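Welcome! Keep the view open as you read.

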Amino acid sequence: MKYILWLLLLVSAQLLAKPVNNSLAFYYSAPMPLAEMTFYSRVVVQPELVTEHELNWFKERNIAVYAYLSIGESYNKSDYSLTTNPNWNSYISDLTSTQWQQQLNSSAVILKERGFSGLFLDTLDSYQLLDNARYDKSAQQAGLVSIIKDLSLVFQKQLVLNRGFELLPSLQNLATDLVAEGLFSHFNPLDNSYKLTSKNDQAWLTAQLKKAQSFGFNVQVIDYAKPDKRLVMAEKIIASGFSAWVTDGHLQTWGTSTISPVPRRVLIPYNSDLKPLIYSTVHLKLATLIEYLGYIPDYIDIAKRELPLVDPSLHAGIISWTNMGGFYSPSVINWLEASLGTVPQLVVGELPQSAKLLAALGVETLNSSPPGPYELNYLAPWLKGESSSSPAITKPYLLKLAPEATTLIDIKAADGSTVVQSAKTKYGAVIVAPWLIDTLPMEGSNWVIDPLTLLTKAMGLPTILAPDTTTESGRRMLTMHIDGDGFTSIAHFDGSPYAAEVIRDDIIKPYKLPITSSIIQADIEPGGIHAKHSKKLEKIARSIFELPYVEVASHTYSHPYFWTALSGRKEIDEEDTDYGFHLDVPGYDTISLEKEITGTINYINERLVPKGKKTVLMLWSGDATPGPDALKIARNAGVLNVNGGNTDVNSDNPSLSHISPIARPEGDLLYQIYAPILNENVYTNLWHGPYYGFKRLTETFEITEKPYRLKPYTIYYHFYSGEVPAGLDALKHNIDYVLQRPNTPVYLSHYAKIAKDFYFSALAKNSKGDWLFSSKNIRTLRIPSDFDIANISQSDGLLGVTQQGNYVHTIEGISRISFDHSQKNNTPYLASANVVIDTWQVNGAVSFKAWIPATLDLVNARSCQFISHMGKRYKGITRGKITHFKLPAGDFFGYLNCTGVAK
């Protein structure tokens with residue numbers, strides 16, 4: 001009975017979990033703004049602009065996708081074209097034509113097969129433009145009704161009509177929604193202008209819309225306005241009794257309904273013909289800080305696609321960083337110039353040959369050439385970075401300050417004159433080389449300037465709430481994963497065990513923490529490198545994979561060393577390598593991506609894992625730089641992927657320039673998720689010693705925690721750490737270090753889902769100033785110090801907030817975060833916990849998995865107690881504002897009762 005009660009509470013919690021936005025969202029451009037679309041349950045798109053994987057992405061999130069279909073017009077002249085529509089340069093179709101009707105029906109069937117949920121039927125009124133003397137409009141109307149009946153059968157009535165008021169009695173029960181444009185404003189396509197709708201036209205259209213509502217249609221209005229005016233207009237439409245969507249006249253920018261989008265995307269053009277993204281400085285160095293601020297680096301490969309229309313509803317800024325003179329083509333310069341004033345810009349490194357652009361960002365070319373040597377004269381104090389000295393100045397850009405600009409860096413020439421090196425204006429900022437990253441032999445790289453203030457105070461990116469990939473339930477995440485290298489190594493311990501046995505018996509089993517373990521197939525399979533011992537090796541692998549806290553991964557078939565060569569980014573001669581291109585596997589001379597990925601996944605699933613388990617991750621080997629083909633194969637195999645990146649920062653050079661971003665995009669929704677922190681190989685001189693060197697991982701933990709938490713705790717290693725006592729001791733040292741501090745243990749796959757979802761999460765604001773957050777997998781928002789502490793009592797979809805107010809915990813779906821403290825924040829809420837919360841409702845259902853004894857800290861919870869589904873009660877101990885709860889390890893299903901008195 002108690003379990004049934006818990007299930008009922010769980011259902012009620014899920015029903016309350018996701019607020020629904022009733023508006024249809026419209027977007028007729030590409031690529032799809034997928035993250036922002038998650039605020040809506042239905043979206044209308046141009047079907048030719050949506051990819052198969054985008055449709056699958058929508059389906060995974062229960063977002064219904066409606067395809068645009070023009071019923072009354074076509075852009076192609078044909079036998080069923082009657083006349084032209086001069087407003088859109090299109091042809092009005094004969095709705096009585098059997099050929100046209102069949103073509104529309106065939107199109108609908110194809111769209112249904114592709115996975116669309118419904119149709120948006122446009123140009124329903126175009127027949128009214130026909131000459132009454134030449135054409136029988138009643139016959140056209142009958143043809144239109146017949147077409148819509150057929151389409152309604154194909155899509156089970158999931159149709160949205162654009163107007164069609166004259167035929168509403170005949171269309172009742174054939175469609176669910178009706179949309180009309182221009183209630184308060186309308187768009188003139190002839191001159192791309194926006195006009196206010198007259199009062200008489202407003203009254204007429206309102207009457208028609210009310211009539212549509214009386215027939216049972218859901219009614220929405222599409223109006224047009226500039227971005228900063230859209231929310232006000234949407235509220236006006238809603239006040240009139242209709243759902244709203246306010247956008248541009250071509251529906252090619254992201255619009256507004258009851259909420260206004262908070263742009264997160266920073267456009268970053270690059271040219272892969274000059275340098276692949278994976279080797280670009282902006283990706284390797286600056287992207288980490290862009291992401292920390294909550295923004296998405298939106299890389300645009302100008303070698304493969306056109307530069308996009310800059311949409312201030314989606315795009316927060318533009319960063320152009322290149323060290324190559326050939327980057328600035330006329331099209332790039334024209335795009336940057338045209339975007340001035342739309343979003344802030346940051347031009348970094350080499351400068352474009354554009355006096356207009358540079359002047360707008362604060363600099364002009366000097367007419368004279370002041371003589372060297374040069375020395376630093378001024379660097380804005382708030383812009384100073386990590387370097388203790390200024391970089392060598394040999395051939396500086398010879399610039400002066402433009403009108404209405406502020407100097408950020410200037411240098412003094414030998415004649416006493418000043419030369420500007422960085423400046424800012426209302427349009428953004430510019431900073432030239434070498435005032436960015438200074439690299440010294442034996443010391444590594446350092447930021448000359450502060451990259452965070454460069455992005456905020458110089459460029460002008462506003463402070464926003466930041467989707468966070470480091471923290472879960474208010475505590476820093478802990479991930480652990482093992483690459484398969486060294487599985488078969490003989491360890492230097494009594495009995496000469498395999499290193500895999502040492503790791504299993506001394507690390508995996510004793511700690512019982514969630515861990516992801518992998519193997520290299522050719523290392524242990526029959527017929528492989530160690531064929532004579534395969535039976536025992538496979539048995540060891542099974543004994544590891546069967547452990548309840550072990551997650552299964554593949555580390556490829558033959559451990560390719562150079563994925564960058566396999567992807568075609570770089571040519572590598574085998575004679576220049578130390579070990580060839582992969583492990584020396586008998587009879588395996590040419591690398592097959594399918595064998596390395598799909599083949600090894602199948603091998604593990606068929607031979608090594610117990611029933612109920614399967615491979616969930618591909619852990620890249622070697623240089624860990626897979627190209628799109630490898631990433632596609634992994635996606636098609638149904639696994640996540642991790643590894644790569646270069647986060648190995650230590651106290652010798654604690655620079656932010658040695659911390660990698662979260663991931664790297666490869667197009668078509670493909671991402672390589674970087675390992676948060678690198679493995680023992682880089683801490684031990686490529687496993688040449690000292691073998692205790694991996695203890696310095698704790699230095700990385702500390703540097704990536706303060707002043708900015710940039711990475712979760714990650715203990716990533718190989719089986720060969722079990723070869724020697726020093727390697728094993730280093731592992732234990734690192735694990736014990738983390739366990740002595742607040743943390744939340746999670747599987748690597750959990751982190752990988754969160755990491756990828758960073759690029760598919762969205763922010764918005766409503767008219768009250770509340771923030772809204774939409775994400776499938778991210779459950780944490782970092783709250784910058786500019787903000788007050790969130791008021792849980794005034795918010796929706798929040799589990800709680802940390803005592804410091806710097807992290808809020810959300811539930812899956814859409815959360816609303818209020819910073820309004822007009823009402824007291826007296827709701828019981830979670831401050832932090834060492835568990836991932838699956839379900840949470842005060843005086844309702846609660847569930848979570850505790851890998852170790854659970855500790856939960858709640859605020860306003862003196863009267864609360866956790867009650868398991870078996871009736872076991874757990875009371876807390878209150879100290880100050882915090883009530884501390886301790887529950888045993890394992891799965892908890894129950895509820896949080898805050899109506900009694902806890903002692």
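A residue is called buried under 20% relative accessible area, exposed over 50%, and partly exposed in between. Arg 635, at 23% relative accessibility, is therefore partly exposed. Please keep in mind that this is a predicted model. The points below go through charged pairs, aromatic rings, a charged patch, and some backbone details.

**Salt bridges**

- A search of the whole structure turns up 20 salt bridges.
- One of them pairs Asp 506 with Lys 732, with 3.9 Å between the closest N and O atoms. Asp 506 belongs to helix H13 (residues 499-511) and Lys 732 to helix H21 (residues 725-739), so this pair links distant parts of the chain, 226 residues apart.- Both partners are partly exposed: Asp 506 has a relative accessible area of 31%, and Lys 732 one of 26%.
- Arg 635 also takes part in a salt bridge, meeting the side chain of Asp 668 at 3.5 Å, N to O. Arg 635 sits in helix H18 and Asp 668 in the loop between strand E34 (663-665) and strand E35 (671-673), so the pair ties together parts 33 residues apart in sequence. Asp 668 is partly exposed, with a relative accessible area of 32%.
- In another salt bridge, the side chains of Glu 666 and Arg 664 meet at 2.3 Å, N to O.

**Aromatic rings**

- The structure holds 39 aromatic pairs.
- Phe 165 and Trp 204 form one that is edge-to-face, with 5.9 Å from centre to centre and 80° between the planes. This pair links distant parts of the chain, 39 residues apart: Phe 165 is in the loop between strand E8 (159-162) and helix H6 (168-171), and Trp 204 is in helix H7 (residues 199-214).
- Phe 165 is buried, with a relative accessible area of 2%, while Trp 204 counts as partly exposed at 42% relative accessibility.
- Trp 563 and Trp 620 have ring centres 5.1 Å apart and planes at 70°, so they too are an edge-to-face pair. Trp 563 lies in helix H16 and Trp 620 in the loop between strand E32 (617-619) and helix H18 (628-636), and the pair links distant parts of the chain, 57 residues apart.
- Trp 563 counts as buried at 1% relative accessibility, and Trp 620 counts as buried at 1% as well.
- Ring pairs also join Trp 57, Phe 58, Tyr 671, Phe 758, Tyr 759 and Phe 760 into a cluster.

**A charged patch**

- Asp 573, Glu 574, Glu 575 and Asp 576 form a negative surface patch.
- Is Glu 575 buried or exposed? Glu 575 is exposed, with a relative accessible area of 72%.

**Backbone details**

- The peptide bond from Gly 689 to Pro 690 is cis, with omega near 0°. Pro 690 is in the loop between helix H19 (680-683) and helix H20 (697-703).
- Lys 706 and Pro 707 are also joined by a cis peptide bond, where omega is about 5°. Pro 707 is in the loop between H20 and strand E36 (713-718).
- Thr 556 is not a glycine, yet has a positive phi of about 80°. Thr 556 is in the loop between strand E31 (550-554) and H16, and counts as buried at 0% relative accessibility.
- Asn 843 is not a glycine either, and has a positive phi of about 60°. Asn 843 is in the loop between strand E45 (836-840) and strand E46 (844-850), and is partly exposed with a relative accessible area of 41%.

**Sequence and space**

- Thr 84 is part of strand E5 (residues 81-85) and counts as partly exposed at 46% relative accessibility. Thr 84 and Gly 115 are 31 residues apart along the chain, and 33 Å separates their C-alpha atoms.
- Asn 834 is in the loop between strand E44 (829-833) and E45, and is buried with a relative accessible area of 7%. From Asn 834 to Asp 857 there are 23 residues in sequence and 9.4 Å in space, C-alpha to C-alpha.

How values were computed. Residues are numbered from 1 along each chain as its sequence is written. Side-chain values use heavy atoms; hydrogens and water are left out. Patches are made of residues with over 30% relative accessible area and no salt bridge: like charges are joined within 9 Å, nonpolar side chains (Val, Leu, Ile, Met, Phe, Trp, Tyr) within 5 Å. Accessible areas come from the Shrake-Rupley method with a 1.4 Å probe; for residues, only the protein chains shown count as cover. A salt bridge is a side-chain nitrogen of Lys or Arg within 4 Å of a carboxyl oxygen of Asp or Glu. Lys and Arg count as positive and Asp and Glu as negative; His and the chain ends are not counted. The place of a charge is taken as NZ of Lys, CZ of Arg, CG of Asp or CD of Glu. Buried means under 20% relative accessible area, exposed over 50%, partly exposed in between (1.4 Å probe, protein chains only). Rings of Phe, Tyr and Trp (its six-membered ring) pair if their centres lie within 6.5 Å; planes under 30 degrees apart count as stacked, over 60 as edge-to-face and the rest as tilted. Helices (H or I, at least four residues) and strands (E, at least two) are DSSP runs, numbered from the N terminus.
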